[in-house]
Amino acid sequence: MAELNLVLLGPPGSGKGTQGERLQEDLRLPYYATGDILRAAVREETELGRTAKEYMDLGDLVPDEVIVGTIAERIDSEEAADGFILDGFPRTLPQAEALDRKLEELGRAVSGVLLIDVPDEEVMRRLGGRRTCIENGHVFHVEFNPPKQEGVCDLDGSALIVRDDDKPEVIRNRLGTYHAKTEPLIDRYDRQSLLRRIDGAAPPDEVEEEIRRTLATLKMEADEAI
Ligand code: AP5
């Protein structure tokens with residue numbers, strides 16, 4: 001079977017993390033979520049975390065040069081030899097170019113980009129009720145996807161918290177950043193015929209089902225091409 005090098009694209013709160021977790025189980029591929037990687041670095045107070053924190057708290061993107069190396073290293077690792085799922089990267093045109101360069105160096109390419117799209121009002125609603133597990137970033141919602149026990153992660157038993165960047169004024173800035181810096185990637189990947197649009201406004205199980213169907217087609221096309 002051909003390798004699957006997958007990118008999840010979409011506004012904050014569109015469900016990339018929710019679907020990324022499900023996909024990871026399904027596809028058994030490494031899942032690299034830059035937001036999770038950066039939040040872990042902030043918690044561990046590494047140099048990367050110290051640099052990233054000031055940008056993240058404001059809802060701004062960390063500089064490209066800070067994040068590109070982190071992802072390049074993972075893509076180049078043994079565990080990613082059969083493919084990977086990227087969530088939150090690339091997020092700017094220079095990041096997309098850096099990803100292409102790295103993959104080209106390895107004789108590989110992006111297999112597909114899933115755009116999980118939802119309107120801005122839905123983003124505001126979702127992020128206001130999001131609860132995130134402090135240990136591993138598992139995601140819940142007080143209304144749409146509540147944990148079995150309030151404040152406790154179903155998967156690893158750790159505490160559920162409200163992310164620092166889920167305050168309304170920061171969410172608005174993250175949305176603005178998405179429209180200005182990340183949306184241009186939609187056109188880029190569409191022109192390369194890599195983009196697949198997923199309706200992220202549907203309930204999580206329906207979104208998952210649409211993603212499964214889309215991936216089945218992508219895999220079929222990739223297998224036919226080798
Ligand atoms: P990151 O953590 O990547 O944040 P984001 O892209 O803003 O995405 P979110 O994690 O907020 O949302 P999501 O799409 O994963 O949605 P979720 O599944 O949680 O990045 C954080 C920060 O790190 C950035 O602001 C930036 O500073 C920095 N950063 C990261 N990557 C970077 C990069 N490449 N370059 C530079 N800086 C970078 O769902 C949201 C909520 O909705 C949950 O409560 C969930 O339960 C619920 N939900 C999910 N799906 C549904 C559904 N279908 N119906 C109803 N509710 C749903």
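Modeller: In helix α2, the buried residues are T34, G35, I37, L38, R39, A40 and A41. This is a predicted model, in which local features need pLDDT of at least 70, side-chain atom pairs count only at pLDDT 80 or more, and totals for chains, interfaces and linings use all residues. Residues are numbered from 1 along each chain as its sequence is written, and side-chain values use heavy atoms, with hydrogens and water left out.

Colleague: What makes α2 mostly covered?

Modeller: Buried means under 20% relative accessible area, with exposed over 50% and partly exposed in between (1.4 Å probe, protein chains only). Seven of the 10 residues of α2 (residues 34-43) are buried. Helices (H or I, at least four residues) and strands (E, at least two) are DSSP runs, numbered from the N terminus.

Colleague: What covers the buried residues of α2?

Modeller: The cover includes β2 (31-33), α3 (47-58), α4 (64-75) and β3 (83-87).

Colleague: Why is E45 called exposed?

Modeller: Its relative accessibility is 59%, so E45 counts as exposed. E45 is in the loop between α2 and α3 and has a positive phi of about 55°, although it is not a glycine.

Colleague: Why does R28 count as exposed?

Modeller: R28 has 73% relative accessibility and therefore counts as exposed. R28 sits in the loop between α1 and β2; its phi, near 55°, is positive in a residue other than glycine. Most residues other than glycine have a negative phi, and most peptide bonds are trans.

Colleague: Which peptide bond is cis, and where is P90 found?

Modeller: The bond from F89 to P90 is cis, with omega near 0°. P90 is in the loop between β3 and α5 (93-105).

Colleague: How do α1 and α9 cross?

Modeller: The axes of α1 (residues 16-27) and α9 (residues 204-225) come within 11 Å and cross at roughly 45°. α1 is therefore oblique to α9: angles under 35 degrees count as roughly parallel, over 145 as roughly antiparallel, 65 to 115 as roughly perpendicular and the rest as oblique. Axes are lines fitted to C-alpha atoms, for helices over the stretch in contact, and angles run from 0 to 180 degrees between N-to-C directions.

Colleague: Which residues of α1 and α9 meet?

Modeller: With contact meaning heavy atoms within 4.5 Å, Q19, R22, L23, D26 and L27 in α1 meet P204, D205, V207, E208, I211, R212, L215 and K219 in α9.
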